[in-house]
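This briefing goes through one protein chain, from its overall build to single side chains. Please keep the sequence and the structure in view while reading.

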Amino acid sequence: MPQFETLQQNPALVIRQRLELGEFLGFETRNKYQIETDAGIPVGFAAEQQKGLLGFLMRQFLGHWRRFDLQFFDEQRRPTFRATQPFRWLFSRLELRTRTGDS
């Protein structure tokens with residue numbers, strides 16, 4: 001599977017959150033991340049998918065306890081993985097799937 005090639009070729013990946021102006025003012029925005037090798041070479045991106053007023057309200061009031069979806073992209077911005085965190089008060093988990101839906 002081509003989406004695993006980057007993971008196999010790099011023993012360590014660094015994930016950096018890209019902050020937006022609203023976060024400096026105290027608002028939670030849709031999270032975006034840049035994925036790099038340990039040498040700082042970009043290999044992909046990830047972005048939270050919840051949009052609209054309900055997504056905004058859930059981010060503000062439930063924070064990291066809320067349900068959310070992350071879409072992962074390769075360096076050409078093609079979708080590779082999808083991650084879902086179900087709503088939970090305790091013991092959170094992250095479910096990772098390929099873009100075709102395989103676990």
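Accessible area here is the area given by the Shrake-Rupley method with a 1.4 Å probe. By that method, the protein exposes about 7300 Å², and carbon and sulfur atoms supply 58% of this area. The model is a predicted one.

**Overall build**

- The protein has three helices and six strands.
- Read from the N terminus, the order of elements is α-β-α-β-β-α-β-β-β.
- Of the 103 residues in the protein, 33% are buried.
- Taking contacts between residues at least 6 apart in sequence, 28% join residues at least 24 apart.

**Nonpolar core**

- In soluble globular proteins, nonpolar side chains tend to be buried together.
- The largest nonpolar core here holds nine residues: Y33, I35, V43, A46, F68, L70, F72, F81 and A83.
- Strands β2 (32-37), β3 (42-48), β4 (68-74) and β5 (79-85) are the elements that each give two or more residues to this core.
- The largest share comes from β4, with three residues.
- A46, one of the core residues, is in contact with N31, K32, Y33, Q71 and F72, when neighbours within four places in sequence are left aside.
- Two of these partners, Y33 and F72, are themselves listed in the core.

- The side chain of E36 makes a polar contact of 2.9 Å with the side chain of R16.
- Beyond residues up to four places away in sequence, E36 touches A12, L13, V14, R16, I41, P42 and V43; V43 is also a member of the largest nonpolar core.
- Q34 is in strand β2 as well, and Q34 is buried because its relative accessible area of 19% falls under the 20% limit.
- The side chains of Q34 and E36 are joined by a polar contact of 3.5 Å.
- Apart from neighbours within four places in sequence, Q34 is in contact with V14, I15, R16, R18, P42, G44 and F45.

- R93 is located in the loop between β5 and β6 (95-98).
- A polar contact of 2.5 Å links the side chains of R93 and E95.
- Leaving out neighbours within four places in sequence, R93 is in contact with T84, Q85, P86 and R88.

**Nonpolar surface patch**

- Which residues form a nonpolar patch on the surface? They are L21, L25, F27, L53, F56, L57 and F61, and their accessible area together is about 780 Å².
- Helix α3 (residues 52-62) is the element that gives the most to this patch, with four residues.
- F27, one of the patch residues, is in the loop between α2 (21-24) and β2.
- F27 is partly exposed, with a relative accessible area of 44%.

Technical notes
Residues numbered from 1 in each chain as written. Predicted model: local features only at pLDDT ≥ 70, side-chain atom pairs only at ≥ 80, totals over all residues. Heavy atoms only, no water. Core = buried A, V, L, I, M, F, W, Y, C linked by side-chain atoms within 4.5 Å. Buried < 20%, exposed > 50% of the residue type's maximum accessible area, 1.4 Å probe, protein only. Contact = heavy atoms within 4.5 Å. Polar contact = N/O pair within 3.5 Å; in protein donor to acceptor, adjacent residues only side chain to side chain. Patch = residues over 30% accessible without salt bridge, like charges linked within 9 Å, V, L, I, M, F, W, Y side chains within 5 Å. Salt bridge = Lys/Arg side-chain N within 4 Å of Asp/Glu carboxyl O.
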